[in-house]
Number of protein chains: 2
Amino acid sequence: MQYWEDIEIGARSSFGRYEVTREEVIDFASKYDPQPFHLSDEAAAQTYFGRLSASGWHTCAMMMRMLVDHMKTQDQAGLGSPGIDELRWLKPVYPGDTLRAQSVVIDKTPSKSRPDMGSYRGQTTILNQHDEPVMTLKSIGLIRRRPENG
Amino acid sequence: MQYWEDIEIGARSSFGRYEVTREEVIDFASKYDPQPFHLSDEAAAQTYFGRLSASGWHTCAMMMRMLVDHMKTQDQAGLGSPGIDELRWLKPVYPGDTLRAQSVVIDKTPSKSRPDMGSYRGQTTILNQHDEPVMTLKSIGLIRRRPENG
């Protein structure tokens, strides 16, 4: 089990492979972000995007799926996340793209109020198949501290 | 049409009504955030959440749907968003909850590189039916400036 004590500042990881399909882009956008450029090529042609592109929130959701699949291989004593800083959508994500993730731990802090818990921040970059960053974010993770008898 | 010039710092808006269903919580989590506490009451009972709760990214997606529906009533010359700052998940969102949104404009900036464009930042709070804030975020919006002959 990986505890707060095991998190190393500067530690890097690469994970995930997510194939973005037209069907999924339209399905997500229809439910959660029905702006025309996320629903059809014709509407998107008149905008910055040029053609049908994924909702930025869909890219977040795809990032999360890659992260959850990655965490399953790690057996980390994670306690969820209180939030995200500096989320940036840098380039459009298009159907046919294949996404992957890179993460680096930027800092870690023991909890003042809960001696059994700590937090850390990671900078995550989502890249497409051309190795172009399409999204970056800084996420805060909560994690258990190693039990004293552990 | 609402342009950058029409955005007023301090302007407040309240919008949206989103009924969170168990079926949708499980559907979103199955695709994008398959952690046990987002998939079943039994698994969630052993965690901070207590019972089945929505993925934080699902709450973002529901916020976006309320925002898009609200924007449709406004006819704003919006150009999308480059990102989000200080996203915080404050309380769990449960099936049966009804969400709504409150927003306030916190600042606005003309673009240095593009005289036809400006940006503004809004602080948005998502509340549940008990008027408890469940999520807050600061979003950046890009918007056209009023044409000189407009």
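What percentage of the 150 residues in chain A do buried residues make up? Buried residues come to 47% of them, where buried means under 20% relative accessible area, exposed means over 50% and partly exposed is in between (1.4 Å probe, protein chains only).

A note before the views. This is a predicted model, in which local features need pLDDT of at least 70 and side-chain atom pairs count only at pLDDT 80 or more, while totals for chains, interfaces and linings use all residues. Residues are numbered from 1 along each chain as its sequence is written, chains are lettered from A and ligands numbered from 1 in the order in which they are written, and side-chain values use heavy atoms, with hydrogens and water left out.

**View 1. Chain A as a whole.** Chain A has 3 helices and 5 strands, and from the N terminus on they come in the order β-α-α-α-β-β-β-β. Helices (H or I, at least four residues) and strands (E, at least two) are DSSP runs, numbered from the N terminus. Taken along the principal axes, the C-alpha atoms of chain A fill a box of roughly 60 × 30 × 20 Å. Look at contacts (heavy atoms within 4.5 Å): of those in chain A with a separation of 6 or more, 70% come from residues 24 or more positions apart. The accessible surface of chain A is about 7600 Å², and carbon and sulfur atoms own 49% of it; such areas come from the Shrake-Rupley method with a 1.4 Å probe, and for residues only the protein chains shown count as cover.

**View 2. Helix α3 of chain B.** This helix covers residues 56–72, and its 17 residues should span 24 Å at 1.5 Å a residue; the end C-alpha atoms are 25 Å apart, which agrees. The expected span here is 1.5 Å times one less than the number of residues. Since 12 of the 17 residues are buried, α3(B) is largely enclosed by the rest of the structure. Among the buried ones are Trp57(B), Cys60(B), Met62(B), Met63(B), Met64(B) and Met66(B). Not counting residues up to four places away in sequence, His70(B) touches Ser13(B) and Phe15(B).

**View 3. Aromatic rings between the chains.** Over all chains, the structure holds 11 aromatic pairs. Rings of Phe, Tyr and Trp (its six-membered ring) pair if their centres lie within 6.5 Å; planes under 30 degrees apart are stacked, over 60 edge-to-face, and the rest tilted. Phe28(A) and Tyr32(B) have ring centres 5.9 Å apart and planes at 80 degrees, so this pair is edge-to-face. Phe28(A) sits in helix α1 (residues 22–32) of chain A and Tyr32(B) in helix α1 (residues 22–32) of chain B, so the pair joins two chains. Both Phe28(A) and Tyr32(B) are buried. Ring pairs also tie Phe28(A), Tyr32(A), Phe28(B) and Tyr32(B) into a cluster.

**View 4. Charges over rings.** A charge sits over a ring if NZ of Lys or CZ of Arg is within 6 Å of the ring centre and within 35 degrees of the ring normal. In chain A, the charged end of Lys108(A) sits over the ring of Trp4(A), 4.3 Å from its centre. In chain B, Arg51(B) lies over the face of Tyr94(B), 3.9 Å from the ring centre.

**View 5. Lys138(B) and Glu86(B).** Lys138(B) lies in strand β5 (residues 133–144) of chain B and, at 17% relative accessibility, counts as buried. Its side chain makes a polar contact with that of Glu86(B) at 3.2 Å. A polar contact is a pair of N or O atoms within 3.5 Å; within protein, one must be able to donate a hydrogen and the other to accept it, and residues adjacent in sequence count only if both atoms are side-chain atoms. Glu86(B) lies in strand β2 of chain B and is partly exposed at 39% relative accessibility. Glu86(B) has a positive phi of about 50 degrees, although it is not a glycine.

**View 6. The loop between α3 and β2 of chain B.** Pro82(B) lies in this loop and is partly exposed at 24% relative accessibility. Leaving aside neighbours within four places in sequence, Pro82(B) is in contact with Leu87(A), Arg88(A), Trp89(A), Ile140(B) and Leu142(B). Asp75(B) has its place in the loop as well, with a positive phi near 55 degrees.
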